[in-house]
Every structure is written in C-alpha cells, then in structure tokens.
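Let's take a quick tour of this model, one feature at a time. Have the viewer open and follow along.

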Amino acid sequence: SRRQVCVMKGDILFCAVFSIFLRSIHNLQIEMSAVDECGAKVIEALFGKEPVYFIYSNNLTHLLPFRVSNPKILLSAEGGMLPESHFYNFVIQATDSKFIKFMKYLTRNRRKGRTLVITDQNGLATAALEWYWRNGVAYVAALSIDIRSRTNSLLFTGDPNDALNYGGNRTNVIHRQSCMGSITDTIPKATRNYNGCPVTVAVSVKSRYDFDPRDYTLNVTQEILNISFVVIHDIGNKGTLALIHGDVALTLGIFLYYHVSHVYARDNVVFVVPPADKISYVEVLIVAFRKEVWLSILLTFVLFAAAWYVICRFKVSLGTIIMNTVSITFSGSSNCIPSCSTARFLIMCYIIYSVHIQTAYLGELMRLLMSLPTGKHIGCLKVLMETNLSIWLDRESMNMFDMHLVNKSLERLENRDHRDCDPYNLTKTWYADKSFSFSVLLKTLQSIELSLQVPTPPYFVEDKILPTITNVFMTMDCASLIDSIDAIIDRLTDSGLYEKLDRDRKFDAEVKKNKFISEEEVVAFTFEHLSGVFVVFISGLLLSTLVFFGELVVHRFTK
C-alpha cells in the first residue's frame, strides 16, 4: 500500500510539472503570436516591402517580429556596425538604459529613414516619441505590445508640428491604434501643416540678385507649409545652431554630414580679370580680316596669276604676270593688258573682286584705327595663377573654393590674396581700379552690372576645375523639413516656374540695360579717334618721300 501511495504521489508530481510545461509553451505561443501578428501588421503598414534593420539590446529579441517578408538585417546595439546612409528604416526593441544610449547614437547620425520603436510599456512608447521629436526626428512611431493580450497592443504616432505639441516639445496629441483593427500609416508626410513652426535659416548674403530662386523657394515653402522662417546672415558662430543652411553649393562631402535638398538653382563661378591692352597700329593692319580671309585672298591671287599665265599660253613670263597681278590688286589697273578676250574678261572679274576687297578692308581698317580694339584677356585659371595679379575671393564663392581646394590647381590660391568681401563692394572697387582679379558668381555679377550701370567686365569661366555650382538647402538636425522642401522644389521644377523665373530675370536685365547702354549713340570724333588715320597718312608720306629720293639717286647714276 505504501508503494502504491508513492507511485500515486510521483504521478501527481509528474503531471503537475508536465501541466506547467504545457502552460508555458501555450503562453509562449500566445506571446509569439501577439508579437508576430501585431508587429508584422505594423511593419507592413509603415515600411511596405522596404528593407528593415532590426536593432536589439541586452541580447533580447523577444519583441522583434521576425516573421515578415521584408528584407531584414539583425544588429546588436552594443556592438553592431550601423550603415552610414541616411535612408535606412529601423525597428528598435526598447529597453531602459540601452534604449536611451542607442537613441543618442541614432540621433547623432540623424537618420532620414523611418524608425519604429517596439516596447512592452505604454509609458516608454510615449517617452520615445517625445525624445525623438525633441531631437528633430519626425518619422518615428512607437509600438507597445502586450504579450498577454493582442487587444491591449497599441501603435503610437503623432505630428511633432501639431499646434498642441509645441514643435515636438510635448506629446499632447498622439494617435493610438489597436492591433486588433486595421493599421493606417499616420507618420507625418513631407507636405503638411507646420502650424507656424519657427525655423532658422542661415544664408551668406541677404539677396544675391533679383528673381533669386533661393528667396523664391523659401517664400513659397513658407506659404505652403505654414512655416515661420527666421533668416540670419551672421553665420560665423550661429551657423551650427541654424536648422537650415541656404545658398550652399552641392559637393560630395556634404552628403557625409548633412541632409541635402534637391537642386533648385545653378550658377558658375567666374573670374573677373583686368582688361587687355590695346593692340598696336601694325597689328590693326592684320586683324582687320580673320586668318581664313587672308588665306582665301592669297589663294585667289595665286589662282588668278596661274590662270593668266595659262591663258597667255606661257608666252608672257611668270614674273611679269605676278607684277601685273600685284598692280591690279592694289590699284585696280595695269599697263599690260593682253589682247585675248578671255584674259581681258578674267582680268575684269579680278578687278571687280579686288575693288570690293579693298573697299571692305579700308572700311574695317578705318573703323579699327578710330577705336583701337583690345587684345585677348586672360582666359583660364592656369594663366591667371602665373601672373602677379592679386586675386580676391568674394563672400559667396569663398565657400566654393573651400570645398574644392583638394584640387591641385586651386591649392595655390591659398598663397594668394584672399579677402572675404561683399560682391557689390568688390565689383565697385574693381571698376575704380582694374589692376586685380576677383571671383564672383555669374548671376550676381550680372545683377551688380545693372545696379552700377556699367558694361560687362572681361571674365572667364573655369568649368574644368570648378564645375557648375548647384545650389541646395542642407541641415543636420531636421531631415523631415528637407523632405518638405524637396516636395516644394519638385513642384516648382515640374511646373516650369524656375525656368520662368530665369527668363524674367534675363528680360528685366535687358530692359534695364537699354536705359543706360544705347547701341545707336552718336559720338563726335576726337583727335584720339582719328589718330590712327594720321599715323597711316604720315607713314605713307614718309615712305613716298624715301621712294622719291631713291628714284632721284637711281636716275642720276643711270645717266
């Protein structure tokens, strides 16, 4: 009987242990079912089929829904190497200490992708939203999973720019969705109402030119998104505190540290150089015609002389024909006209040709002598660097050179005269003293010309070393705002408003130039204008005198 009692006690103990084991398995299945079903539903609603990084800490992964079809990578918060790109999606299992530590790392890298924080505490979920919002992250949601009941599992989302959330400093308005129902994506979108949220914009100059696409984009963004922009111009110490940096040139290095907007404008850095010296009077005799015209005149001379020689059937010496051709070319007549009608017709056509050439040449020569043209100014940075000219960098293009000084051709600029000057004052100084060179953006230079009412100075574009400047907005702290600005830029680009803005700028420039630059202005000639004509006349007079005395000497000795 004692043996039977012991057997019965052993069976009861075994049954109790087995029952506890079955209950734990059942509870585990319930927990796994709640995590997988609720988590998979939320991930599908927020991320679709995009890749997801699963982040865990303390070697705990029980809240991460692995049964999803998204491409996924599992990383540990303690030692995992996170990607440097700004565009990845993250699912983070939250714990108290490691969670806050990892969120600081994540915010320091300022990821642009979406983030889902999974925890089993409602209070920690709301705290995660507030913490992310205060650090400038808007694309975040928090999922609180009750592993015992799917009905108590909630998804927390909200808009940090809601009027009652005070720019993300409070969590007064939060949307809660139960996992028992359908999940909708309520993470803030790019184009939304910012409810007058103040945003600091740092710019290097106040206004570069009329119809500036930078100011136009900021004004449209302010109206559409209901943002209150606070523009600052002293970015020496405040630049790091500004949320948005305007009029920035797009370079490869920016992508490593900033969130960069789409390109909204393009421009070129040009170098204004001193005007070239006027050419000499001897050079005027050559530059009246281009090289190809002189070659065609010489070829016509040779062909005419050869045709005359052939038509005369080689009876007249070639030297005589060449001398007569020279006489016809310069004076339009000759003492030796053959009796052959074919040769006479050929000579008549050449005389008509030579008269027209002489008329065109003399007309152009007189025009050039009255106002001597200048030579060719400096046309590339390499030649400019070889000179002893001072090279000044204006305030706008200074940043462009700082970003491109890795180029060996630009490293030598560090040893030249760098002066961070206002473009307007720098251009005004150049017109008073044209003995130095300076860099400036082309559109800014064109605007300053209109303001000063001066003609366009000589300049060149160094597009081989310095590429076309593409202007963007950038930020380190507010990636979601850059997304909103991108949406505005895309709309303005697709609608052609940027192109219209550029056409209006050019049309306005033409209208203003016509007021102070007249193409048909009548100017009375001065002695300076006619000095070249007198030089030619005196030179011819001296040459004729020398020839006259030479003929007297020859005539005296021949008698």
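## Ground rules

Helices (H or I, at least four residues) and strands (E, at least two) are DSSP runs, numbered from the N terminus. This is a predicted model, where local features need pLDDT of at least 70, side-chain atom pairs count only at pLDDT 80 or more, and totals for chains, interfaces and linings use all residues. Residues are numbered from 1 along each chain as its sequence is written, and side-chain values use heavy atoms, with hydrogens and water left out.

H9 covers residues 341-370. The expected span of a helix is 1.5 Å times one less than its number of residues, so the 30 residues of H9 should span 44 Å, and the 43 Å between its end C-alpha atoms agrees. Its buried residues (under 20% relative accessible area with a 1.4 Å probe, protein chains only; exposed is over 50%, partly exposed in between) include Tyr350, Tyr361 and Leu365.

The largest pocket holds about 520 Å³ of space. For the record, a pocket is an open set of points on a 1 Å grid over the protein atoms alone, where a 1.4 Å probe fits, with protein on both sides within 12 Å along at least five of seven lines; lining residues have an atom within 4 Å of a point. Grid points are joined across faces, edges and corners, and the volume is the space filled by probe spheres set on the points. Of the 19 lining residues, Trp294, Thr329, Phe330, Gln358 and Tyr361 are the closest to the centre. H9 gives the largest share of the lining, nine residues. The lining has 16 nonpolar residues, three polar and no charged ones (nonpolar is Ala, Val, Leu, Ile, Met, Phe, Trp, Tyr, Cys and Pro; charged is Asp, Glu, Lys and Arg; the others, Gly among them, are polar).

## The largest nonpolar core

A nonpolar core is a set of buried Ala, Val, Leu, Ile, Met, Phe, Trp, Tyr and Cys residues joined through side-chain atoms within 4.5 Å. The largest one has 25 residues, and Val91, Leu116 and Leu143 touch the most other members. Helix H1 (2-47) is one of the elements that supply at least two residues, and its seven are the largest share.

Most residues other than glycine have a negative phi. Asn226, though, has a positive phi of about 60 degrees, and counts as partly exposed at 35% relative accessibility. Gln453 has a phi near 55 degrees and is exposed, at 51%.
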